[in-house]
Amino acid sequence: MRILKGHWQLLLLTATVFAFWQTTALVPLKILVVFFHEASHAIATILTGGEVVSLSVSADQGGLVLSRGGSRFWTLTAGYLGSLVIGVMLLIAATKTKLDRQVMALTGVIILIIAGFHVRDVFALGFTIGTGLAMIAAAVMLNHNINDMILRVIGLTSMIYVPFDIFSDTIARSNLRSDARMLAEEFGGTTVMWGGLWLGISLAIIWWALRHVLGRSSNLTLR
């Protein structure tokens, strides 16, 4: 049975996801996007010589990373843009390779590793372990096409949601204690300035990614 044909149908599916973004059914997907954001903070901290004390996500789609050392500039910058890069990588892996099951399994394993080293509170631990195991199970038990579709939905949802998140947190509600506000306090400028810069970069990356992915159409079928 053919369930998706080409990329435009998938983009329509992703638009539908956003149309129902406020419904309870999509809460796990939203929390996964938040996890990508917090994981990006953690990775930037480690890559710049710091130490991650803990990583957490909550049921109300919040998140927090506690760390020591590392570059504050790159750590604060990494949250939104890192989440976007993860989305782009998942989308490209799904559309340009045949390694969908391997990518799904690897993503699950990485989530479990992060959970084991850095997640401590009950909800976040349950969510990360459950998500990691579910991804590994999907890679093992489901066929290539289903894994392909799941990766595309996760990837597109993450990368397209990022500019909405940036706009909401740093421009529409610039009074929030966001990454952009902390960056402004420590390095100068304003919350809106940093948020606007990140928004512009995110839109440019998304434009490049979609042009790259849509350059060659492909069909997705269930066998």
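Trainee: What does Asp-169 count as, buried or exposed?
Mentor: The relative accessibility of Asp-169 is 15%. A residue is called buried under 20% relative accessible area, exposed over 50% and partly exposed in between (1.4 Å probe, protein chains only). Because 15% falls under the 20% limit, Asp-169 counts as buried.

Trainee: What kind of model is this, and from which number are residues numbered along each chain?
Mentor: This is a predicted model, in which local features need pLDDT of at least 70 and side-chain atom pairs count only at pLDDT 80 or more, whereas totals for chains, interfaces and linings use all residues. Side-chain values use heavy atoms, with hydrogens and water left out, and residues are numbered along each chain as its sequence is written, from 1.

Trainee: With which residue does Asp-169 meet in a salt bridge?
Mentor: A salt bridge requires a side-chain nitrogen of Lys or Arg within 4 Å of a carboxyl oxygen of Asp or Glu. For Asp-169 the N to O distance is 3.0 Å. The partner is partly exposed, with a relative accessible area of 40%, and its name is Arg-173.

Trainee: How many residues apart in sequence are the parts tied together by Arg-72 and Glu-186?
Mentor: Arg-72 and Glu-186 form a salt bridge whose closest N and O atoms are 2.7 Å apart. Both are partly exposed, Arg-72 at 34% and Glu-186 at 40%. Helices here are DSSP runs (H or I, at least four residues) and strands likewise (E, at least two), numbered from the N terminus. Because Arg-72 lies in helix α3 and Glu-186 in helix α7 (residues 179–187), the pair ties together parts whose separation in sequence, in residues, is 114.

Trainee: Which helix holds Trp-198, the residue that the pair links with Tyr-80?
Mentor: Tyr-80 and Trp-198 form a tilted aromatic pair, 5.7 Å centre to centre with 45° between the planes. Both residues are buried. The pair links distant parts of the chain, 118 residues apart, with Tyr-80 in helix α3 (residues 72–96) and Trp-198 in helix α8.

Trainee: Which residues have the most contacts inside the largest nonpolar core?
Mentor: A nonpolar core is a set of buried Ala, Val, Leu, Ile, Met, Phe, Trp, Tyr and Cys residues joined through side-chain atoms within 4.5 Å. The largest has 56 residues. The residues with the most contacts inside the core are Leu-32, Phe-35 and Met-159.

Trainee: What is the relative accessible area of Thr-131?
Mentor: Thr-131 has its place in helix α5 (residues 122–141). Thr-131 touches Leu-32 and Ile-111, not counting residues up to four places away in sequence. Thr-131 is buried, with a relative accessible area of 16%.

Key:
Contact = heavy atoms within 4.5 Å. Phe/Tyr/Trp six-rings, centres within 6.5 Å; stacked < 30°, edge-to-face > 60°.
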